[in-house]
Amino acid sequence: MERIKQALEKARADRMQAGGPVMPLAARGAPSPVDEIHYSQTRAIAVPYETLREQRIVAADSARPFADSYKILRTQVLQRMTENGWKSLAITSAGPSEGKTLTAINLGIGLANEVTHTVLLVDADLRAPAVHRHFGLEPQPGLSEYLTENVPLTDLLINPAGIARFVVLPGGRPLANSAEMLNSPRMTRLVEELESRYRSRIILFDLPPVLESADTLSFSPQVDAALLVVEEGKTTVDDAQRAIELLRKTRLIGTVLNKARKLTVEATETANLSDRLFDTLEHSRRLNRAFKALRGMKNSLRGWWRRVRGRGS
Ligand SMILES: Nc1ncnc2c1ncn2[C@@H]1O[C@H](COP(=O)(O)OP(=O)(O)O)[C@@H](O)[C@H]1O
Ligand SMILES: [Mg+2]
């Protein structure tokens with residue numbers, strides 16, 4: 001366990017050194033009040049309450065058991081981002097289906113519920129855009145059309161109706177050359193532009209898994225910080241470590257332990273940002289050690305049995 005904690009600490013120290021001092025929030029971009037987010041320029045799309053509920057999107061019902069976990073996550077993320085003057089945050093994980101998109105959406109809505117902040121969620125998983133699906137929508141033109149066809153942003157942004165201060169830039173048409181597109185000068189300009197346009201806007205990027213493609217690796221250094229989602233019982237210690245190691249050029253703001261099992265009615269519906277990641281990783285390390293010990297025991301029993309049989313014959 002100590003190994004992972006140390007790796008994380010070291011990665012953090014290296015990043016701080018590499019990144020140098022960070023400008024305070026107030027010093028970046030032209031000051032402009034939150035009210036300047038013009039929803040008239042953004043298409044509002046109705047999303048049925050039932051869809052939000054089925055998809056576990058907190059906006060549907062803030063009384064659900066996991067809503068508090070997202071509020072804790074929101075508060076911790078907001079504190080760190082405000083303290084450091086960070087505006088953009090990437091959400092990623094080691095492997096697929098570990099809960100990046102759901103975390104990004106629920107964190108985004110949580111941040112938007114803070115009346116001082118508006119949130120733009122960018123679906124930057126350009127190989128397999130999925131944010132629209134979580135809102136029960138058909139694929140929408142989005143980031144890939146912006147990058148490849150120069151479609152203006154104002155034609156692409158959507159606001160799930162009823163969720164105030166929360167705007168989505170969908171992924172758009174899936175792209176095979178997504179890593180190159182995410183690293184293109186147009187994408188770099190977009191990130192800069194989004195960060196400087198509104199003082200109190202937070203931009204979240206829903207990214208693909210770190211270990212599956214070059215996309216996250218090449219893009220994440222462009223954002224202020226990243227959040228690593230870890231799925232309890234699925235993400236292995238080795239994969240988490242490899243992901244942390246690969247993300248060494250990005251500031252890791254923290255980890256989310258997703259799908260943590262609790263003895264509640266909705267047992268799998270929790271999401272915690274916590275040191276419990278370390279408990280989980282320690283737990284799986286212990287299990288690995290136990291399996292190794294069992295294998296060792298089995299081998300020595302086999303050897304003993306062979307010797308006994310050898311003597312008998
Ligand atoms: N905490 C959670 N509890 C229950 N289901 C979850 C949780 N997090 C994610 N899921 C479900 O797991 C699936 C994969 O989640 P998703 O966010 O799309 O993963 P990723 O973006 O990492 O591929 C989705 O069906 C999602 O609804
Ligand atoms: Mg996803």
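This is a predicted model: local features need pLDDT of at least 70, side-chain atom pairs count only at pLDDT 80 or more; totals for chains, interfaces and linings use all residues.
Residues are numbered from 1 along each chain as its sequence is written, and chains are lettered from A and ligands numbered from 1 in the order in which they are written.

Strand E6 comprises residues 201-206. A residue is termed buried if 20 or more other C-beta atoms lie within 10 Å of its own, exposed if 12 or fewer do, and partly exposed in between, with C-beta atoms placed from the backbone. In a regular strand the side chains alternate between the two faces of the sheet. Helices (H or I, at least four residues) and strands (E, at least two) are DSSP runs numbered from the N terminus.

The protein contains 11 helices and 9 strands. Of its 313 residues, 40% count as buried. Contacts (C-beta atoms, placed from the backbone, within 7 Å) were also examined by sequence separation. Among those between residues at least 6 apart in sequence, 79% join residues at least 24 apart.

Two strands are paired with E6, pairing being assigned if DSSP finds at least two bridges between the strands. Strand E2 (residues 88-93) and E6 pair in the parallel sense over 4 bridges, and Leu 89 has Leu 204 of E6 as its bridge partner. Strand E3 (residues 118-123) also runs parallel to E6, to which it is joined by 6 bridges. Here, Val 122 stands opposite Phe 205 of E6.

Leu 204 counts as buried because it has 25 C-beta neighbours inside 10 Å. Apart from neighbours within four places in sequence, the contacts of Leu 204 are Leu 89, Ile 91, Ala 104, Leu 107, Gly 108, Val 119, Leu 121 and Val 122. The C-alpha atoms of Leu 204 and Ala 90 are 5.8 Å apart in space, although the two residues are 114 residues apart in sequence.

The shell around ligand 1 was considered next. A residue is near a molecule or strand if its C-beta atom, placed from the backbone, lies within 6 Å of it. There are 15 residues around ligand 1, of which Ser 97, Gly 99, Lys 100, Thr 101 and Leu 102 come nearest. The shell divides into 4 nonpolar, 6 polar and 5 charged residues. In this classification, Ala, Val, Leu, Ile, Met, Phe, Trp, Tyr, Cys and Pro are nonpolar, Asp, Glu, Lys and Arg are charged, and the others, Gly among them, are polar.

Helix H4 (residues 100-113) supplies the largest share of the shell around ligand 1, namely 3 residues. H4 is mostly covered, with 13 of its 14 residues buried. From first C-alpha to last, H4 reaches 20 Å, close to the 20 Å expected at 1.5 Å a residue; the expected span is 1.5 Å times one less than the number of residues. Ser 97 is located in the loop between E2 and H4. This residue is exposed because 10 other C-beta atoms lie within 10 Å, and the phi of Ser 97 is near 55 degrees, a positive value in a residue other than glycine.

A positive phi, near 60 degrees, is also found for Arg 165, located in the loop between strand E4 (158-160) and strand E5 (166-169). Arg 165 is buried because 23 other C-beta atoms lie within 10 Å.

Helix H3 spans residues 67-84. Its 18 residues reach 26 Å from first C-alpha to last, close to the 26 Å expected. The buried residues of H3 are Ser 69, Tyr 70, Leu 73, Arg 74, Val 77 and Met 81. Viewed down the axis of H3, these buried residues fall within an arc of 135 degrees and therefore line one face of the helix; the arc is that of the directions from the helix axis to the C-beta atoms. Gln 79 and Glu 83, on the other side of H3, are exposed. Thr 82, also in H3, counts as partly exposed because it has 15 C-beta neighbours inside 10 Å. Gly 85, with a positive phi near 70 degrees, follows H3.

Conventions: Two residues are in contact if their C-beta atoms, placed from the backbone, lie within 7 Å.
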